[in-house]
Every structure is written in C-alpha cells, then in structure tokens.
Amino acid sequence: MIPPQIRDLIYVLAAIFFIFDLKWMSHPRTALRGNYAGVLGMVLAIAATVFSQSLDWGTMAIGVGIGTVIGLVAALRIKMTSMPEMVGVLNGFGGAASVLVAGAAVIAAVSALSGAAGQAVGLQTRVATVASALIGSVTFFGSYVAFGKLAEFLGVKWKLHTWQKIIKYGFSAIVIAGAGWYGVTQGIQPHGAGSSEGLMGIAVIVCGLLIGGILLRKKDRFPGMNALKGISFLASMGVGVMLVQQPENQMLFWVLAAAAGVLGVLLTLSIGGADMPVVIALLNSYSGLAAAATGFVINNTVLIIAGSLVGASGVILTNIMCKAMNRSLTNVLFGVMGPTSETPDADEVYKSVKSTSADEIAMMLDGAQRVVIVPGYGMAVAQAQHAVKNFAAMLEERGALVEYGIHPVAGRMPGHMNVLLAEADVDYDKLRDMDEINAEMDQVDVVIVLGANDVVNPVARTDPQSPIAGMPIIDVDKARTVVVIKRSLSPGFAGIPNPLFSLDNTLMFYSDGKVAVQAMITAVKENL
Amino acid sequence: MELFIGALTVFVLAVFVGFEVVTKVPPTLHTPLMSASNAISGITLIGALLLAGQTDNPQLSRTIAVVGVTFATINVVGGFLVTHRMLAMFRKKN
C-alpha cells in the first residue's frame, strides 16, 4: 500500500508530465516525446491510485479490459481522413465518464453519510457535482451530434448505410428506453405520478423523448429551436440550483443530466460544415472542464490540473478557430452568419469563368518556379492527399518550389489538412500558415486550390456586407495564375458565389480532386 | 472552505499554465494536440477506478463507476494511441 502522502506526491509528478506533454507539442520534432510523457503521467497517476488503498481488482478490471479493447481497436483502425469523427467520439466518452463518476460519487457520499446527508455533503462537492453533470452531459450529447454530423447520418435527408442506421436508431432507442425505464421504475411506479419523485421521473422521460426524437429528424433545424435551447439552458440551471440545495436527492442529478443532454443536442445540431472545427474545439474544452469539475467532487488535485490544462487548450483552439472565421462564439452556437445582404446572383458573378484541362495546366506548370497548393475539405473527401504529394514531388524534381498554404479552418477540425498531408509524407516545413504564405503570394507563379472555397473568397476582403466579411482568407488571387479544382461552381458552406472563379488569372478545372491530380500527373509527364 | 480555496488555486494556476503552454503549439499540430489533451482528460479514470473498486460503496454506485471506468479507459487508450499514430507521421525528410 502506498501511503496517501506518497500518492499525492506521485500525483504532482503526473501533473508535471502532463504539462510537459503539452509543452513538447510545440514542435513536430519533440511532439512524439510529449505523447510518451503524457502516457507516463497517466500510468503513474493510475498506479498511485490503485495501490493506495485496498480495492476490488475484479470490478476495476472489467471496465479497464473492455475500455482498452475498444480504445485499441478504434485507434488502430481509424483512417486519417476520419480523424474529426474520432476526436468527436473521444470527447464524448470523456464527458460521459465525468457524469458517471460524479453520479457514482454522489450516491456513495450520500449513502456513507446517511441521515443528515443534505447538510453533511460540503458545498464544494455539491456545486462541483452540478458542474460535472451539466458540462459532462452537454459534452457527451454534443459530441455524439458532432460525430453524427461528421459521419453524415444526423440531420440529413439522403439514404443511410446500414451501420449508420444502426447507430442512429440504436442511440435514439437506447436514450428513450433508458429514460423511460428510469422515470417509470424510480419515479412514477414507486411514488405515483403526482409526487415530486414522479414529476422528476416524468421530466427525465420528457428529456429522453426530446433527445431521441430530435435526433431522428432528417433536418438539423426546426422552428423554435433557439427558444428550446434557451428553455433547456434555464431548466438545467434551475435543476442545478435545486441540486445544490438538496444534494441527497439523487433523482435530481439524473434530471439535470437529462436536461443538459437536451441542451447539448440543440447546441450542436444546427452547426455543420465550416463551423465544425469550432464545435470540436469547444467540446474538447468542455471535456477538460468536466474532468476538472469531477476533480472538485472527489477532491483530487491531479484531476483538477489535468482537466484545467485540457480546458485551457480547448478554449485557445476555439478562439483561434473563431478568429479565423471572423465570427464570435455566440454567432457559431446560435447558427447566425455575419451581416447578410442580398446574395449576389451566381450567374452574374460567374459569367466570365474560364475552364481548363489537365494538359493546359501541365503547360503552365512547365515554366513555374513557385507553386502553392491550397487544400480544403474537398481534398479530405476525395482522399487526394497521396496523389497531391506525388504531384508535388514531380514538380519538385523539375526544379519548382512547391508549398502548401493552409487556412486555420480548412477541413473539419483544427489542423485537419496538416494531418492528412503528414500521412502522405509531406515534410512539415512545406506546410505554411495563412499569414506566412499570404506575405509571399505575389511571388507565386501558380496556385492550385484543391477543394477549398470560402477560405479563398476575395469577397471577405472587399464586400463589408457579405456573410464572410472580414474573415481572413488566403489571398490566392494575388498569385500570377490560379487553378481551382472543383466538381462544379456550387457554393461553399457560406452559400455565396466566389468571384475568384471568374477572375482573369483564374482557371477552373472541373473534376473530382483525386482524379484531377492524377490527370495532371499524367499530363505533366507527357509534357516532358 | 480551506480545502476549496486550495483546490480553486490549483485550478486557476493550471488554467494559466495551460494557456501559456498551448499558445506555443503550431497549427500543424492542432489535431494531435486535441487528441492528446483528450487522452489527458481521461484522467477521470482514477476517480472512476476508486469508486468502482471500493467495496463499501453501494452496488449502484459501483456499477455506474464501472461504466465510467470503461468510457474513461477508451478515452485514455484511444486518445494516446491515435495521437501516437499521427505524430509518427510528422517527420522531416532529407
């Protein structure tokens, strides 16, 4: 047995390793070492915990065993293009774990102090329990919605694959059935529908029906959605205050978790496309804050430190993402786009669009000294990263300098494009930030825009009335020639036409990203 | 109350450390940063383990905690492993 003092010292050590994990993330060279530091910190914290008192190993082993298998399989099988979904799901498990730990802790505390429980549970524990249930539940349900939107099975009209149906209907069924079972067996049946327990049971059932029902809809918005958001927020707060006053009332805890679940679903459901990076970063932050709140519940310093590190990290990322879109967090959460004027007519904007072919591009690239590739979500969808890398390598062999200009919100999560290009073995020195590449854009001969739209729309600079006004963009229009690879002239997430496509120095190459890059490779070879 | 102030101090200082450290992470590593910090937030695992393993806890509490252990373990194992996979790809070639 480790004495409590030694255990606490090991916790301090673990916290230091967590800080070094994040610190070493500041450079690709040291980042791998940082991850090992994080693993070491976690192993130390777990070891110090389980050896500090006599515990039932069997029970713990069940959870750890199942969790390890699921975690291993998921992490090894996931494709790099699906990384946003993976991070979304992991956020959700973190949030759920926080709710469950806080719930279990309250039950344990109340039973240990049976009698004058309400008074004996300290104020800190009560407030922290409320925070834990609230933030954890919002994180869990919000993350599920984010995952469902990224995997394209929530709020969509088209036909679903079997696995998507299983998850979508299964999740709703479990939520409704679980809430129904809990409400009936714990509330209505033993105490009658009119009693306070019965009413709480009914509240849980209503929340379950709301969550399960809303998630089955084929649209991601509905009339009165923002009003319901407000109501579920106020309801969560109200139940939270009640729970602080009467912590021995375990049913209130689950009512709170259920109401916060409705809030989590509503907050994320209407968000999609280019706003996804903000939500993923925000949920990341919540999962940390939920862990920190749980730390307050069970009075554990390492939980508080680790949780607040993660919370801070998520807040920073959220902030970077919001700035990169020139939108406030409230705007994103309530689905408001910037100042909306009359959207210019697409036909008018696109009347002088010129299209091109792979051969023409190959000829143009012949004399190009500097080439910049600007990838967007379209590259991820087409899984074109390996083809892009081969294409770039070929141009480099011919003496050109090829770099990548990466917008902070390109893709569906922070750093999405970087991971894909790293997977294709692109040297990280060639991945240039928006500001860096913009400073040199006038020296660039050819820019190839691959599956990006809003992040290269010059309207953001020129039209103060546009929904994306003021959003920092990659100034591809300042390069000598721009090639835009795109399936069609359809608008991006902001839903506005892009005048870049009809500029004199822009050529459109209508094609799937991967097919286009492969055609260009062939054409450049033939052009030798 | 003293206990709470102590915990609150730790919380506030750790948030500042987090801000300082994470601001220096370049955009290239933002995805691995998220998955790594995700794994770290799986630290709730130790709380879950305690509640699941204490034999004097009520059965309901322990059952809930075991589910918590499972979720937190997925978070920790999956998070660190997927971060490792990503970071192993970021390298400099000569």
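## A first look at chains A and B

The C-alpha centres of domain 1 and domain 2 of chain A lie 25 Å apart (domain bounds come from an automatic or database domain assignment). What you see here is a predicted model, where local features need pLDDT of at least 70 and side-chain atom pairs count only at pLDDT 80 or more, while totals for chains, interfaces and linings use all residues. Residues are numbered from 1 along each chain as its sequence is written, and chains are lettered from A and ligands numbered from 1 in the order in which they are written.

**Domains of chain A**

- The assignment divides chain A into domain 1 (1–77), domain 2 (78–333) and domain 3 (346–526).
- Where domain 1 and domain 2 of chain A meet, 10 residues of domain 1 and 8 residues of domain 2 take part in the contact (two residues are in contact if their C-beta atoms, placed from the backbone, lie within 7 Å).
- On the domain 1 side, helix H1 (4–24) and helix H3 (57–77) of chain A are the elements that give two or more residues (helices, H or I of at least four residues, and strands, E of at least two, are DSSP runs numbered from the N terminus).
- H1(A) has the largest share of that side, with 6 residues.
- By class, this side of domain 1 of chain A holds 9 nonpolar residues, no polar ones and 1 charged residue (Ala, Val, Leu, Ile, Met, Phe, Trp, Tyr, Cys and Pro count as nonpolar, Asp, Glu, Lys and Arg as charged, and the others, Gly among them, as polar).

**Where chain B touches chain A**

- In total, 79 residues of chain B are in contact with 94 residues of chain A.
- Helices H1 (2–23), H2 (30–41), H3 (44–53) and H4 (59–89) of chain B are the elements that give two or more residues to the chain B side.
- H4(B) gives the most to that side, with 29 residues.
- The chain B side is made up of 49 nonpolar, 25 polar and 5 charged residues.

**Two loop residues with positive phi**

- Most residues other than glycine have a negative phi.
- Glu152(A) has a positive phi, near 60 degrees, and lies in the loop between helix H6 (123–150) and helix H7 (162–191) of chain A.
- Asn326(A) has a positive phi near 55 degrees and is found in the loop between helix H12 (301–325) and helix H13 (329–333) of chain A.
- Asn326(A) counts as partly exposed because it has 15 C-beta neighbours inside 10 Å.

Conventions: Buried ≥ 20, exposed ≤ 12 C-beta atoms within 10 Å, placed from the backbone.
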